[in-house]
Amino acid sequence: MVLELRKPRPVWQIMFSTHHTDVALLYTITGMAFLFMAGVLALMIRTHLFFPGQAILISDPATFNRIFTVHGLTMLFLFALPFAAGIGNYLVPIMVRYKDMAYPKLNAVAFWMNPIGGALLWLGFSDTSWVSYAPYSVIRAPGPAADMMIFGLKILGISSILSSINFIVTILKCKHPDLPLRQVPLFAWSILTVSLMTVVAMPTYAASLIMLLTDRLGVSGFFNPSLGGDPIAYLHLFWFTFHPEVYIFLLPAIGMMYELIPRFSRKPLFSQGSGVFAFVMLGLIGFASWGHHMYSTGMDFTTKVVFMIGTLAAVPASGMHVFNFLATMWGGRIRFAAPMKFAVGGIALFFSAGAGGVLNSAMPLDFITHGTYWVVGHMHLFLTGTIAFGFVAMMYYMFPFITGRMYSEKLANIHFIMMMWGTVQVFFTQHLLGLEGMARRIYDYPPEFTSWVQLNQIATVGAWILGGSFVIFLANLIYHSAKGKEANMDDPFGLGGKYYYPYQAKNPTHHTGY
Amino acid sequence: MSHTEQEEPIPRTSPRRLGKMLAIIIGIQVVGAAIFFTHYDYWNSYQPNAEKIQLGLGTNTQQKQGQATGKTINVSLKFVESSDFKTLAFNAVSGSDHNPEIHANVGDKIVFDVTNAGKSYHAFAVTDSKEGPGPAIEGTTVGTADSPMKPKESGQATFVPSKPGEYYYICAVPGHRELGMEGKIEVAPSGGAAQPSGTEVKPTGNKVEFTLGFVMSSDSKQYAFNALPGQTGSNPDIKVKSGDTVTIHVKNNSKSYHAFGIVVDPDSQPAVLWNSAVKSADSPMKPNESGDVTFVAGAPGTYHYICTVPGHAALGMDGKFIVEP
């Protein structure tokens, strides 16, 4: 997948370019590479849990902890964030009709922090779990692994703040004067929303990482109870960043669906205004619900009710997106090419995951499901079912524009069926496992718990199907980016005209490549 | 295909370019994997400072190991269980072998060879608390309650009491001590006439001088003083009289960093006696640096002069320093 501009250039020129499409390509490839690396870890975890007591693949609990920690960190910080930034880099400048990002060099700097942060996370292989809760991360987690994780996350946090600033300035200050902000395409709106959220949320986590580091060095005791600190304070700081971060992962995927659904329904978007409103609402409400991760830490009842209401307030805004999608598709001449299939599949799973989220936010149920596989199932259903589906859909959509060639629709169909099937089988089963009482993050479980054994084996088989679907995806992308049929650059998906690709219009003032 | 607005042909990716891109990505990952796997143990080798401070706050002086006198008591213990698991003990569930009592003096080195001969999981520790599974005295544990010894596993622990009194060797798995896995260690004050090892004495005025050089084999596997092991003059015995004022000239003739000191037991964490240190493990002597130290030899006994950089004594930088009465 090497994007060509006007004429072919050496690969190193693309690597050290500051042009937005080049940086976007690097972001996308980095995100995809880390997706597959973290996917291998996920399959190791699931395979390990297939037979209880056998220690298949992973021979000791500490290594197991390290594997799920790095799996989580990689999927969130090195796949979800860079991939969204990559697609944003491709499309946002074109959507706001500007020649590049506002700060091209800053853009490249923000990208190059990702491989460095990634190297720190992967070389250290910390065992703190991705949340790295105090006091374990302060007084027990062995270094230098945990310190490398702290520095790696610090670098990735700075990278996401820098790219957010870049997006905000590009969209607000560099958009074409003829283009009113409310008519900026919804994908750019989603990137604007998450960028503003990042700028507000991320500094809290950056500060708590520094506090964690000084605590580990023993010079401070913010989260260390033996020095008078409070581990719960870490949870508050962490979730103040990471509940909004949930929406920071989610909204770009929703924005991508807004790109795909009208196009493949061959119909204008049902309502631009409600989409903008729902994005902004989710951006605000994201900050009002962090406490629902911490119901069981002994909050008082009033606080819990406030957070419960704050959480439920996200439902109408999410519903607005779903109804907007459905109303756009209604009566359209839908062409189910791969991007559309994944987008629609993503909507269906978004609804299921959202329903699970509503149950979670109900306090009485939360006390039952807290810390069980229910939570694992819920969060993965969101991340795989909605976010990964949206990203995969966008990857298929961008593929001809990046490579000039067409992927195989047949392989994409197999990928879709396996991915949908696998996602449902793994993550729905994990909800049930949680209700059966299986705690998350456990290394092994007793073989006499037959319901756990059965459900775990079902989930593991689902994980293999899901993993297999991604192998097909990778093969499809690699083979067809070199040997695929040449795409008709005016209408690669056969939608019936250039009208359906407004942002691919050739602009004489700059080289967009497509 | 109609490219009516297209003046030039659209350049498309070739297999060669894709291969180049993949080679770069996979190459970086292979290099990263090599770095990761060659350092696998290193990444989790440090204890956070916060934990060290916390453990430091929690331990009192009683829980530190004492200075060894050189006398060693070997004890071998087996974890055993009665068939109904209601009685647990060391060596035998009942009878005279059951939980043997150990008598020692302050400064004696008690070496425990422990084996899990039972069917359950156990962990060995020496403690001074009269009940409960700990806290264990530093360095005396084999396994912990979190990661105990599995059946048939064995291990070794040493305990050097620093104060007289009653100590207990126990199974550190909670509940096992209460079921009988507990034996007593009676520690008497150290033997009357002989002065405790390492104590300082008044100088007699007699002066002696020695010269030592740090040497290493070219493959950095053998370490010694003066000459490599096997050659004449390697790690020479130094004999002095108690109260002599000893001057030692040391020179670093090797390519690594070293530091000098006289200790009682080179295996346990060495505390350097009588201010005899030249540099320290934290700021050692660089290659070709030399240094002097002058001190007064203390109580009679057999001591060791070693390189105090961790690991070097075990590799051979360990010679006898004999103080005669």
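Biologist: How many bridges join β13(B) to β15(B), and do they run parallel or antiparallel?

Modeller: Four bridges, and the strands run antiparallel. Strand β13 is residues 260–263 of chain B, and β15 is residues 301–307 of chain B. Strands here are DSSP runs of E with at least two residues, helices are runs of H or I with at least four, and both are numbered from the N terminus. Two strands pair if DSSP finds at least two bridges between them. This is a predicted model, where local features need pLDDT of at least 70, side-chain atom pairs count only at pLDDT 80 or more, and totals for chains, interfaces and linings use all residues. Residues are numbered from 1 along each chain as its sequence is written, while chains are lettered from A and ligands numbered from 1 in the order in which they are written.

Biologist: Fine. Which residue in β15(B) stands opposite B:Ile262?

Modeller: That's B:Tyr305.

Biologist: And what else does β15(B) pair with?

Modeller: Strand β16 of chain B, residues 318–324, in the antiparallel sense over six bridges. B:Gly301 faces B:Val323 of β16(B) there.

Biologist: How many of the seven residues of β15(B) are buried?

Modeller: Six, so the strand is mostly covered. Buried means 20 or more other C-beta atoms within 10 Å of the residue's own, exposed means 12 or fewer, and partly exposed is in between, with C-beta atoms placed from the backbone.

Biologist: New topic. What does β9(B) pair with?

Modeller: β9(B), residues 207–216, pairs with β12(B), residues 245–252, in the parallel sense over eight bridges. B:Thr211 stands opposite B:His249 in that pairing. Three bridges also join β9(B) to β10(B), residues 223–225, and those two run antiparallel. B:Phe214 has B:Phe225 as its bridge partner in β10(B).

Biologist: What's in the turn of that hairpin?

Modeller: Six residues lie between β9(B) and β10(B), and B:Ser220 in the turn has a positive phi of about 60 degrees.

Biologist: What's the strand order in the open sheet of four strands?

Modeller: β3-β8-β7-β5 in chain B, with mixed pairing. The edge strands are β3 (102–105) and β5 (124–127), each pairing on one side only. β5(B) is joined to β7(B), residues 165–171, by four bridges, and they run antiparallel. B:Ala125 is opposite B:Ile170 in that pair.

Biologist: Over to chain A. How do α15(A) and α16(A) pack?

Modeller: At an angle of about 155 degrees, with their axes 7 Å apart. That makes α15(A) roughly antiparallel to α16(A). Axes are lines fitted to C-alpha atoms, for helices over the stretch in contact, and angles run from 0 to 180 degrees between N-to-C directions. Under 35 degrees counts as roughly parallel, over 145 as roughly antiparallel, 65 to 115 as roughly perpendicular and the rest as oblique.

Biologist: And what about α2(A) with α4(A)?

Modeller: Their axes come within 10 Å and cross at roughly 15 degrees. That makes α2(A) roughly parallel to α4(A). Among the residues that meet are A:Tyr27 and A:Phe34 in α2(A), and A:Phe111 and A:Pro115 in α4(A).

Biologist: Last one, the contact between the chains. How many residues does each chain give?

Modeller: 38 from chain A and 29 from chain B. On the side of chain A that touches chain B, the elements giving two or more residues include α2, α4 and α16 of chain A.

Biologist: Which chain A residues does B:Gly32 touch?

Modeller: A:Ala119, A:Trp122 and A:Leu123, not counting residues up to four places away in sequence. B:Gly32 is in helix α1 of chain B, residues 15–38. B:Gly32 counts as partly exposed because it has 16 C-beta neighbours inside 10 Å.

Conventions
Contact = placed C-beta atoms within 7 Å.
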